[in-house]
Amino acid sequence: MRSMVCDVPLDAGMNLDRAQAVVGNAIDSRTRLLVTFVNPHATYLAADHGYLAAIREMDLVLCDGIGMALAATILTGLETRRVSFDNSSLAPFVFRKCSATSTPVILVGGRPGVAEHAASTYRNAFAGLKVAGVFTGYGTDLAAARQAIQSSPGAVVIAGLGAGHQERF
């Protein structure tokens with residue numbers, strides 16, 4: 001349920017199982033799904049109306065931080081759990097699902113070499129994972145990333161550009 005928590009819109013009542021169901025369905029059906037994660041720093045960024053507008057356009061806004069999850073639970077009355085895109089949360093599910101469904105993945109973000117290293121690590125960890133592109137989070141590489149995304153309908157795009165930037169990407 002979309003709620004305002006500390007001036008930040010987020011989906012209260014979510015947990016890892018629910019997030020996996022929503023994301024898994026989107027991967028299976030090759031349906032566009034915009035997902036982001038908010039942490040306490042998002043309350044600071046909320047003063048930027050462009051950031052808030054970008055968050056509002058997301059299909060799923062999850063709590064990346066126990067503090068935000070606790071605030072959401074207290075303020076909405078809906079038990080909300082931390083769900084992030086890391087190896088202790090949503091990332092392994094997404095990579096396994098993409099491997100199983102032959103869904104390509106595009107990685108965007110980090111300094112030169114970071115996305116390439118991540119792609120190699122994930123290919124080794126998840127047999128059959130198809131990485132359709134790796135891009136830095138800088139300059140002309142972002143334009144190339146956008147073009148690759150448009151050329152790869154149904155791909156899962158993972159943007160690690162930092163809060164405030166990745167939501168607008």
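Predicted model: local features only at pLDDT ≥ 70, side-chain atom pairs only at ≥ 80, totals over all residues.

Residues are numbered from 1 along each chain as its sequence is written, and side-chain values use heavy atoms, with hydrogens and water left out.

**Stop 1: S3.** Select S3, which sits in strand β1 (residues 2–5). Helices (H or I, at least four residues) and strands (E, at least two) are DSSP runs, numbered from the N terminus. S3 counts as buried because its relative accessibility is 11%; buried means under 20% relative accessible area, exposed over 50% and partly exposed in between, with a 1.4 Å probe and protein chains only. Leaving aside neighbours within four places in sequence, S3 is in contact with V8, P9, L10, A12 and T76, contact being heavy atoms within 4.5 Å.

**Stop 2: strand β5.** Now show residues 105–108. V105 and L107 point one way and I106 and V108 the other, and all are buried. In a regular strand the side chains alternate between the two faces of the sheet. β5 runs parallel to β6 (residues 131–135), joined by four bridges, and also pairs in the parallel sense with β7 (residues 156–159) over four bridges. Two strands pair if DSSP finds at least two bridges between them. Click V108: F135 stands opposite in β6, while the bridge partner in β7 is A159.

**Stop 3: the nonpolar cores.** Which residues have the most contacts inside the largest nonpolar core? Select L62, L90, V94, F95, V105 and L129; this core has 24 residues. α5 (91–101) is among the elements that supply at least two residues each, and α5 gives the most, with five. A nonpolar core here is a set of buried Ala, Val, Leu, Ile, Met, Phe, Trp, Tyr and Cys residues joined through side-chain atoms within 4.5 Å. Zoom in on L90, whose contacts beyond four places in sequence include L16, F37, L62 and F85. A second, separate core of 18 residues includes V5, A42, Y51 and I55.

**Stop 4: the cysteines.** Searching the whole structure turns up zero disulfides, a disulfide being a pair of cysteine sulfur atoms within 2.5 Å. C6 counts as partly exposed at 40% relative accessibility, whereas C98 is buried, with a relative accessible area of 0%.
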